[in-house]
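Subject: Handing over the structure

Hello,

Here is the structure I promised to pass on to you. Please have a look at it first, and then read my notes below.

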2 protein chains.
Amino acid sequence: MPHFLDTREDGFEARFVELLGMKREDSPDVDAVVAGIIADIRARGDAALIELTAKFDRLELTPETLAFSAEEIEAEVAKVPAEERAALELAAERIRAYHERQMPHDARWIDASGAELGWRWGPVSAAGLYVPGGLASYPSSVLMNAIPAKVAGVERLVVACPTPGGAVNPLVLLAAQLSGVDMVYRVGGAQAIAALAYGTETITPVDKITGPGNAFVAAAKRRVFGRVGIDMIAGPSEILVIADGTGDPDWIALDLMSQAEHDESAQAILITTDEAFGKAVVAAVEKRLETLERRAIAGASWRDFGAVIVARDLMEAAELSNRVAPEHLELCVADPDWLSEAITHAGAIFLGAYTPEAIGDYIGGPNHVLPTARSARFSSGLSVMDFVKRTTLAKMTPGALKAIGPSAEVLAKSESLEAHGLSVRARLDALNDEGGQ
Amino acid sequence: MPHFLDTREDGFEARFVELLGMKREDSPDVDAVVAGIIADIRARGDAALIELTAKFDRLELTPETLAFSAEEIEAEVAKVPAEERAALELAAERIRAYHERQMPHDARWIDASGAELGWRWGPVSAAGLYVPGGLASYPSSVLMNAIPAKVAGVERLVVACPTPGGAVNPLVLLAAQLSGVDMVYRVGGAQAIAALAYGTETITPVDKITGPGNAFVAAAKRRVFGRVGIDMIAGPSEILVIADGTGDPDWIALDLMSQAEHDESAQAILITTDEAFGKAVVAAVEKRLETLERRAIAGASWRDFGAVIVARDLMEAAELSNRVAPEHLELCVADPDWLSEAITHAGAIFLGAYTPEAIGDYIGGPNHVLPTARSARFSSGLSVMDFVKRTTLAKMTPGALKAIGPSAEVLAKSESLEAHGLSVRARLDALNDEGGQ
């Protein structure tokens, strides 16, 4: 049974705060181990990378076999059934179309003082995408990370993906190929992150690293942050569904389970204005949990972190949802557009009964890399913006400098930064000697 | 004497790489101390904050005096001379006008499948701005951090600024007032960052923390990252000037010194195509260093980290500059617009001889919080974007779900995520039973 709350009951606020503050993940402290691995890669490059891969992935590599060859990739992707290839191609096309609209625009203008101002966006030169091996090796995540990078104009895009014992997921290689990835290295863990950030004899360093990973990968990303850019450090997944009771309880049950099946630490919350509907959803979940392949994982998540909250009305539901700031928010209500206006914090909103969150995971177009653990309060999902950066522009004419320079000089003096003031004054004096503009 | 390099000399590449890799800052390892301070604030709130302020800032506070009162602020800002107030007002106005153009746009469209897609931007609800006390207490930085937040629509904006021994900078309070800051707390260090992130009885927690600070503040920001958003961790400042020899060597000398005077760890680099001009700049710097108030700091920075590089031509100069990815880049050349097209990595570009970097520090309009330590390769200066976040939107019609749902189902199966596939299948079956759309 999940937690069952009602906003009208005594003690609701305390129970809701407890739910909000629930610690869902024990992050093992692997920082010391990771620091050692990074130092080793920096000191010994390829040799260390090959040793660590033999140790952790039981795979013997050489500098020549660190990356998949073009022939190996062709041979693997040829194994992908036509139906899966078509689905992946459609997903890639839709994700590309969505992200192409995200490209930010340059700007340049001349203001009243005559100063020319603006900015210019440009891509990161090289990016590395981490793809976990084993169970969590999701081809959809390759598309979601690689396509925004290519749309942004990243010139060199490489993937690091461990292949424990040599096991390869052909769909991951196909997803990389469809997204324009230049190179796939069969390395993983903290050693892969270190190699991407610092480079080895064989691997040229990148400027930005994105993609999910285990505790070692996350700790390594935190450590190399600053040397390179990183995306967020993702926590376990979450869904919050607001339902007014108009839909099919089984649909909602499946949507909740589609998060719960990811991970025992995932969290699925239903907020409904209809108590009977809430109970029907709980019953439907119980029924689905009898047969789901991943019922052990989904059941544990639902039991430990699942919650059903009965709210007085939809506005109250929206307010509670804003306090959760969920990664995924489904609005399964009669008028989802109206309700969405009241939502201030959410990674992604899925509007209406025909938009299960799984559509967003694969094929809708928006990115599925989204802020977890309440961080939608201050951060956004992955996008083209993660692979571009802005350079600001300023160009003074003599007239503009005469108009605003004296104020800069006053402020420099007030901050006791003499050379700042003199660099303006020297130019103003020269202009005045010339008799001005 | 600064480092003097020539791209035509043997061993240039090795010397340039050495210059790039120079470690300019010893960050003391204060992480354990900071962890203790954060735990103390979380456990004991105001009491701990007041004790730590007494200890580090020699200032006795009560919960009632943690924040400046409106009367105290009025009394302090009344001390600001009219000339300084006018300069600060002009700066605020220009910074606001520049940043107002940065507001990103919402988007919503319907694609060929009938799916409605888009995104929506919204402000962070509450932000905290750290302002250092003492020498580095810059009113200009208050404007540069606070104005983008207000332009973004941040509802609650607070400042934390230590006042060691009770010493207050009236200009900081005026800058806060001009930018629409709601509350100024007279606390600093890691304890202020912890109070902003976790809250105390008196201080309501914020969602995002920005602003510069010492090693303790930087370590605390790293630690609370995830609980709240943070801006970059800034390193010592840098300037790179590309000059073709057409300008006044003394102007360039002053521009280089305006970075060098910030900090002994600051770095000032000149790349010129005219060796004689490079030598003239070095001579002009020597002369200025005889009289500059901050000559001890500026001289140490110039001696240890300053560099003059003679390049074959301007394109080579641009390529070297891109490898440095400087925080500030001045193009003191006859045709700066042409040269700027070759620049791929820089925090801010100052075009032409009449745009000293100090203009950008105070009054140009663009933000002066910029990526340091080569991070312009992958990150941007502070902007309105740091105070907004994006929520993606997706809404399927029955027709859109029928068109793209089956592919989502195929991909879910390929990733062994059964409930994902079933959540789509249940809806498709219902639609098919109904005889379709």
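A definition to start with: two strands are said to pair if DSSP finds at least two bridges between them. Helices (H or I, at least four residues) and strands (E, at least two) are DSSP runs, numbered from the N terminus. This is a predicted model, in which local features need pLDDT of at least 70 and side-chain atom pairs count only at pLDDT 80 or more, while totals for chains, interfaces and linings use all residues. Residues are numbered from 1 along each chain as its sequence is written, chains are lettered from A and ligands numbered from 1 in the order in which they are written, and side-chain values use heavy atoms, leaving out hydrogens and water.

Now to the sheet. In chain B, 5 strands form an open sheet with parallel pairing, in the order E6-E5-E4-E7-E8. Its edges are strand E6 (183-185) and strand E8 (229-230) of chain B, each of which pairs on one side only. Strand E7 (residues 208-210) of chain B runs parallel to E8(B) and is joined to it by 2 bridges; B:Ile209 has B:Ile230 as its bridge partner there.

Strands also pair across the two chains. Strand E14 (residues 388-395) of chain A and strand E13 (residues 348-351) of chain B run parallel, with 3 bridges between them.

How many residues of each chain are in contact? 116 residues of chain A are in contact (heavy atoms within 4.5 Å) with 116 residues of chain B. The two chains bury about 10,200 Å² between them, 57% of it on carbon and sulfur atoms; this is the accessible area (1.4 Å probe) lost on putting them together, summed over both.

Next, the charged pairs. A salt bridge is a side-chain nitrogen of Lys or Arg within 4 Å of a carboxyl oxygen of Asp or Glu. The whole structure has 46 of these salt bridges over all chains. A:Asp207 and B:Arg377 meet in one (2.6 Å, N to O). A:Asp207 is in the loop between helix H8 (189-198) and strand E7 (208-210) of chain A, and B:Arg377 in the loop between helix H14 (357-362) and strand E14 (388-395) of chain B, so the pair joins two chains. B:Asp207 likewise forms a salt bridge with A:Arg377, with the closest N and O atoms 2.6 Å apart. Between chain A and chain B the count is 10 salt bridges.

Enjoy exploring!

Best wishes
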